[in-house]
Amino acid sequence: MIEVSSLVALIVAEVLVGLVILSGLLVLFTMLRKGRIRKAAHHLAERVRSDKPKRVERIKTLLQDRFQYKDTELDQALHNIMQSEMLLYQNVINGFLKDDQVHLGNPPKK
């Protein structure tokens with residue numbers, strides 16, 4: 001039978017308790033970080049939604065004044081620009097939520 005010194009057993013027990021505490025802290029910090037990321041992504045999504053009418057008006061004015069877009073051509077260009085912008089915001093938010101640097105670097109193609 002193997003005899004274990006009480007000092008060795010005490011050291012092993014302390015190391016295990018230390019590792020359990022360290023693991024718990026790492027899990028806690030990870031959960032807090034993910035919560036902050038979710039909160040920031042939600043704030044960005046709300047901001048995008050609330051600012052959309054102002055952005056639409058600015059882009060519409062720009063297309064009319066600088067590029068002389070009219071009627072159907074203006075509506076189609078505005079729709080395409082807004083759709084691309086929403087896709088960009090969606091990709092950024094999804095990349096942050098999934099913590100996916102590859103997704104942030106290379107958004108999916110249409």
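**A chat about helices and contacts**

Me: Leaving aside its neighbours within four places in sequence, which residues is Leu74 in contact with?

Reply: Once residues within four places in sequence are set aside, Leu74 is in contact with Lys60, Leu63, Gln64 and Tyr69, where contact means heavy atoms within 4.5 Å. This is a predicted model, in which local features need pLDDT of at least 70 and side-chain atom pairs count only at pLDDT 80 or more, while totals for chains, interfaces and linings use all residues. Residues are numbered from 1 along each chain as its sequence is written, and side-chain values use heavy atoms, with hydrogens and water left out.

Me: Is Leu74 buried or exposed, and where does it lie?

Reply: Leu74 lies in helix α2; helices here are DSSP runs (H or I, at least four residues), numbered from the N terminus. Its relative accessible area is 4%, so Leu74 is buried; the cut-offs are under 20% for buried, over 50% for exposed and in between for partly exposed, with a 1.4 Å probe and protein chains only.

Me: Which residues make up the largest nonpolar core?

Reply: That core has six residues in all, namely Ile59, Leu63, Leu74, Ala77, Leu78 and Met82, a nonpolar core being a set of buried Ala, Val, Leu, Ile, Met, Phe, Trp, Tyr and Cys residues joined through side-chain atoms within 4.5 Å. The elements that give two or more residues to it are α1 and α2, and α2 gives the most, with four residues. As for Leu78, its contacts are Val56, Ile59, Lys60 and Leu63, once residues up to four places away in sequence are not counted.

Me: How do α1 and α2 cross?

Reply: Helix α1 covers residues 6-65 and helix α2 residues 71-98, and their axes come within 10 Å and cross at roughly 165 degrees. The axes are lines fitted to C-alpha atoms over the stretch in contact, and the angles run from 0 to 180 degrees between N-to-C directions. The two helices α1 and α2 are therefore roughly antiparallel to each other, a label for angles over 145 degrees, whereas under 35 is roughly parallel, 65 to 115 roughly perpendicular and the rest oblique.

Me: What kinds of residue are in the contact of α1 with α2?

Reply: The residues of that contact divide into 19 nonpolar, one polar and five charged, where Ala, Val, Leu, Ile, Met, Phe, Trp, Tyr, Cys and Pro count as nonpolar, Asp, Glu, Lys and Arg as charged, and the others, Gly among them, as polar.

Me: Ok, what about Arg55: buried or exposed?

Reply: Arg55, found in helix α1, counts as buried at 9% relative accessibility. Apart from neighbours within four places in sequence, Arg55 is in contact with Arg47, Val48, Met82, Glu85, Met86 and Tyr89.

Me: And what does Glu85 touch?

Reply: Not counting residues up to four places away in sequence, Glu85 touches Arg55 and Ile59. Glu85 lies in helix α2 and counts as buried, at 14% relative accessibility.

Me: New topic: what is phi of Gln68?

Reply: Phi of Gln68 is near 50 degrees, a positive value in a residue other than glycine, and most residues other than glycine have a negative phi. Gln68 lies in the loop between α1 and α2 and counts as partly exposed, at 49% relative accessibility.

Me: What about phi of Asp71?

Reply: Asp71 has a positive phi of about 40 degrees, although it is not a glycine. Asp71 lies in helix α2 and, at 63% relative accessibility, counts as exposed.
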